[in-house]
Amino acid sequence: EVQVVESGGGSVQAGGSLTLSCAASTYTLRSHCMGWFRQAPGKEREVVATIDKDGDTVYTDSVKGRFTLSVHNEKNTLYLQMSSLNPEDTAMYYCAADEGVGGYCLSRVRVDAFAYWGQGTQVTVSS
């Protein structure tokens, strides 16, 4: 029932910017905690940022001040605006929704708290 689809990945030089998009239903965006995640080769998947139905966001330390998570409800889209990108940001990026029914996050830090995942979009940052 819950489906999310990511887009917007690509290749960019260090210091550049990219904006990722996650398409979801209006109901999903209003009723679930949403998050962006990433997984680099040889690394475990990690939380990048999360947002609850009230728009309250939490970012992992490595992206604070550089990434911005937002929701545009009229476009049924969750965004991840990324700036000052570094090669260490290279990863497959995923959008996901948790299974909570109230729209508040079951966990802001546990990847396994998120039950509904998109297919991923690749971000590659070159020096």
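Where is the place of Ser107? In this model, which is a predicted one, Ser107 sits in the loop between strand 9, residues 91-98, and strand 10, residues 114-117. Its relative accessible area is 14%, and because the cut-off for buried is under 20%, Ser107 counts as buried.

Let me turn to what surrounds that residue. A polar atom of the Ser107 side chain lies 3.2 Å from the backbone nitrogen of Val109, and the side chain of Ser107 also reaches the backbone nitrogen of Arg110, at 3.0 Å. If we set aside the neighbours within four places in sequence, Ser107 is in contact with Ala113 and Phe114.

The loop that holds Ser107 also holds Cys105, which brings me to the disulfides, of which a search of the whole structure finds two. Cys105 is joined to Cys33, with an S to S distance of 2.1 Å, and the torsion about that S-S bond is about 80 degrees, so this disulfide is right-handed. Cys33 lies in the loop between helix 1 (26-31) and strand 4 (34-39), so the pair ties together parts that are 72 residues apart in sequence. Both Cys33 and Cys105 are buried.

The other pair is Cys22 and Cys95, whose sulfur atoms are 2.1 Å apart. Here the torsion about the S-S bond is about -75 degrees, so the disulfide is left-handed. Cys22 lies in strand 3, residues 18-23, and Cys95 in strand 9, so this bond ties together parts 73 residues apart in sequence. Cys22 is buried at 0% relative accessibility, and Cys95 is likewise buried at 0%.

Counting bonded cysteines along the chain, the disulfides follow the pattern 1-3, 2-4.

Notes:
Residues numbered from 1 in each chain as written. Predicted model: local features only at pLDDT ≥ 70, side-chain atom pairs only at ≥ 80, totals over all residues. Heavy atoms only, no water. Helix = DSSP H or I, 4+ residues; strand = E, 2+ residues; numbered from the N terminus. Buried < 20%, exposed > 50% of the residue type's maximum accessible area, 1.4 Å probe, protein only. Polar contact = N/O pair within 3.5 Å; in protein donor to acceptor, adjacent residues only side chain to side chain. Contact = heavy atoms within 4.5 Å. Disulfide = S-S within 2.5 Å.
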